[in-house]
Amino acid sequence: MDRLVLIRSATWAALVGATICSAWAVSHLSNQAALVGTIMALAAGKAVLVLRNFMDLGKLPAPLRWLFTGWAASCAVLIFTFAALS
Amino acid sequence: MAEAMAEESVDAGETPGVWTFLAADSVGFAIFFAVFMSERAKAPALFDQSARMLDIRLGLANTLILVTSGWLVALAMALIQRGRAGRARLCLIGGLVIGSGFAVLKVIEYHAKIAHGITPATNGFFTFYFILTGVHFLHYAIGLGVLVAMIAALRPGVRAAPQWLESGALYWHLVDVLWLFLFPMLYLLPGH
């Protein structure tokens, strides 16, 4: 099978798995910080997977690559920090 | 030769342009996320109680719909690169059909909320809920229109895929990425 098709299909499987894991975590993790950390780490990981493997972020110049990867990480850290503080 | 060079230069100029737009849009949403979370920090009990009124199953289903639709669009772009426009078109149609499910579930969700008397005026959480999901839905609706245009551009008989298809696919993926943060922020944060 075509390598690009294989990578994109594996990415889709990982996205589905991570989405189900995040919903599972809600009913199985009782520690709030651990729960929020897990949920947001999964969200950031999924966003980076889409950016890299669906949107071909790797083909862009380094500054744009860092901008989008940094954006995904920043959103996750921001939401985690506010949730942990409240 | 000259035509090929012209196409190349259009492509080279187009991609950074669409990425600039995507970057600006992403930063706009990051500001939305920050404002929502700062308001949540001021009234965590109210936001948690309100978040419990959302149906996680609908949010989960919509996430799976968008990632599956995005995967089919990504496959379509891979097939276009290999000159297989017919199969790419089928993938795009699949992405459109599956992606349409997001609208169906969102309408069901909005209808259920409004039927229970929950509106943007109910409280701060639901003001943000309707604004954030509404702005995202607007992006999504434009994305659906873009997918329809992409399918039309690949109609049987067309020899070469237009260069803008890549920009359309990137836009659809951004709709997906934005939802990947909206889903946990609105539906999954502690409160359930």
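1. D56(A) and K59(A) form a salt bridge whose closest N and O atoms are 3.6 Å apart; the term denotes a side-chain nitrogen of Lys or Arg within 4 Å of a carboxyl oxygen of Asp or Glu. K59(A) counts as exposed, at 63% relative accessibility. In the definition applied here, buried means under 20% relative accessible area, exposed over 50%, and partly exposed in between, with a 1.4 Å probe and protein chains only. D56(A) is found in the loop between α2 (32-54) and α3 (62-85) of chain A, and its phi is near 55°, a positive value in a residue other than glycine.

2. Residues are numbered from 1 along each chain as its sequence is written, and chains are lettered from A and ligands numbered from 1 in the order in which they are written.

3. On confidence, the predictor gives the complex an ipTM of 0.96 and a pTM of 0.91. Chain B has a mean pLDDT of 90, and 91% of its residues reach 70 or more; pLDDT is the predictor's confidence in each residue, from 0 to 100. Over residues 1-14 of chain B, pLDDT stays under 50, and the model has 6 contacts beyond four places in sequence for this stretch. Contact means heavy atoms within 4.5 Å. Where pLDDT is low, the predicted coordinates should not be read in detail.

4. Chain A has 3 helices and 0 strands, whereas chain B has 6 helices and 0 strands. These elements are DSSP runs numbered from the N terminus: helices are H or I of at least four residues, and strands are E of at least two. The C-alpha trace of chain A spans about 45 × 30 × 10 Å along its principal axes, and the C-alpha atoms of chain B fill a box of roughly 65 × 30 × 25 Å. Buried residues make up 42% of the 86 residues in chain A and 51% of the 192 residues in chain B.

5. Sequence separation of contacts may also be noted. In chain A, residues 24 or more positions apart account for 62% of the contacts with a separation of 6 or more. In chain B, 81% of the contacts between residues at least 6 apart in sequence join residues at least 24 apart.

6. The interface takes 40 residues from chain A and 43 residues from chain B. Within chain B, W19(B), W71(B) and F181(B) lose the most area to chain A, together 20% of what that side buries. The two chains bury about 3500 Å² between them, 82% of it on carbon and sulfur atoms; buried area is the accessible area (1.4 Å probe) that two parts lose on being put together, summed over both.

7. What is the count of salt bridges between chain B and chain A? The count is 1. D2(A) pairs with R82(B), the closest N and O atoms being 2.3 Å apart. D2(A) is partly exposed, at 25% relative accessible area, and R82(B) is partly exposed, at 40%. The structure holds 7 salt bridges over all chains. D2(A) lies in the segment before α1 (3-28) of chain A and R82(B) in the loop between α3 and α4 (85-115) of chain B, so the pair joins two chains.

8. The largest nonpolar core has 97 residues, and W19(B) and F181(B) have the most contacts inside it. Helix α6 (residues 165-188) of chain B gives the most to this core, with 18 residues. Such a core is a set of buried Ala, Val, Leu, Ile, Met, Phe, Trp, Tyr and Cys residues joined through side-chain atoms within 4.5 Å. Apart from neighbours within four places in sequence, W19(B) is in contact with M55(A), L57(A), L60(A), L64(A), F68(A) and L170(B).

9. S69(B) has its place in helix α3 (residues 56-81) of chain B. This serine is buried, with a relative accessible area of 0%. Leaving aside neighbours within four places in sequence, S69(B) is in contact with G95(B), I98(B), G99(B) and W172(B).

Terms used
This is a predicted model: local features need pLDDT of at least 70, side-chain atom pairs count only at pLDDT 80 or more; totals for chains, interfaces and linings use all residues. Side-chain values use heavy atoms; hydrogens and water are left out.
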